[in-house]
Amino acid sequence: MRKKVLAGNWKMNLNSKQSLALYADISAALSSNKEFDFIVFPPFLHLKELIDSRGFIEIGAQNFHPELNGAFTGEVSVSQIKDIGIQYALIGHSERRTLFKESNSFLKQKVDAAIQHQIRVVFCCGEPLEVRENQDPVMYVTNQLKESLFHLNSEQLKTCMIAYEPIWAIGTGKVATEEQISQMHTAIRNELKSKYGQQIANEISILYGGSCKPSNAKAVFSCENVDGGLIGGASLEPTSFVELSECF
Ligand code: PEP
């Protein structure tokens, strides 16, 4: 059966000393639990030293380039993150989609590169505000999944997680309503079921992300088909991250 997941996206925050201190603080306060996966996604620069002192909290990459090597100035390749022991990566975060223009077809290449390198994918999807207000957000999100993720076979897909993150809720303080969250997560589970069957659909953890913090997390995590959270701002604060783990 699928696990509960608490993941922290540290984005472009924290220097080396602060990253190590945050990792140490949350490791000391949380305890390893078979039903949970804890994952943090620090900036690239700190990955190696965190991997070298890693405990039960997994370390993932926020990004990578799907090519193995070559003339991609400023990029870090899938083989380079694998080489230092990275086992998880975010793909499709809305900041990559909007600020760095990553398309569904490019994200599909990243998914394939991650799978080939045995890196577990946390695939982010979510609609912008104009789609939430004027179009069909479920159709928009399922299309993101169909175009970038659903070409995988069952064995490959089983290694992935999905994070639903409505773009209008990321870093804005606006959380989707419980009804919106349950509706989207159930729609994603149903899409998984119609493409891969009930058994595989039940094995995939679907996380919610978007202004999730200790004050609202109990309500979010109790929504139908929510298996955990991908947390931005509140993951930078050790007490908040630990309190979030108590909201399941
Ligand atoms: C995120 O960046 O994935 C995120 C959910 O950010 P925040 O929690 O700050 O909205």
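Reader: What is the handedness of the crossing of H1 and H12?
Author: This is a predicted model, in which local features need pLDDT of at least 70, side-chain atom pairs count only at pLDDT 80 or more, and totals for chains, interfaces and linings use all residues. Residues are numbered from 1 along each chain as its sequence is written, and side-chain values use heavy atoms, without hydrogens and water. A crossing is right-handed if the near helix is turned clockwise from the far one by less than a right angle, and left-handed if anticlockwise. The crossing of H1 and H12 is right-handed.

Reader: Which residues of H12 make the contact with H1?
Author: Contact means heavy atoms within 4.5 Å. On the H1 side the contact is made by Leu22, Asp25, Ile26 and Ala29, and on the H12 side by Pro238, Phe241 and Val242.

Reader: How far apart in sequence are the parts that Arg2 and Asp227 tie together?
Author: Arg2 forms a salt bridge with Asp227 (a side-chain nitrogen of Lys or Arg within 4 Å of a carboxyl oxygen of Asp or Glu). Arg2 lies in the segment before strand S1 (4-9) and Asp227 in the loop between helix H11 (214-221) and strand S8 (228-231), so the parts tied together are 225 residues apart.

Reader: Is Asp227 buried or exposed?
Author: Buried means under 20% relative accessible area, exposed over 50%, and partly exposed in between (1.4 Å probe, protein chains only). Asp227 has a relative accessible area of 4%, so Asp227 is buried.

Reader: Which residue forms a salt bridge with Arg132?
Author: Arg132 is in helix H6 (residues 129-134) and, at 16% relative accessibility, counts as buried. With the closest N and O atoms 2.9 Å apart, the salt-bridge partner of Arg132 is Glu127.

Conventions. Helix = DSSP H or I, 4+ residues; strand = E, 2+ residues; numbered from the N terminus.
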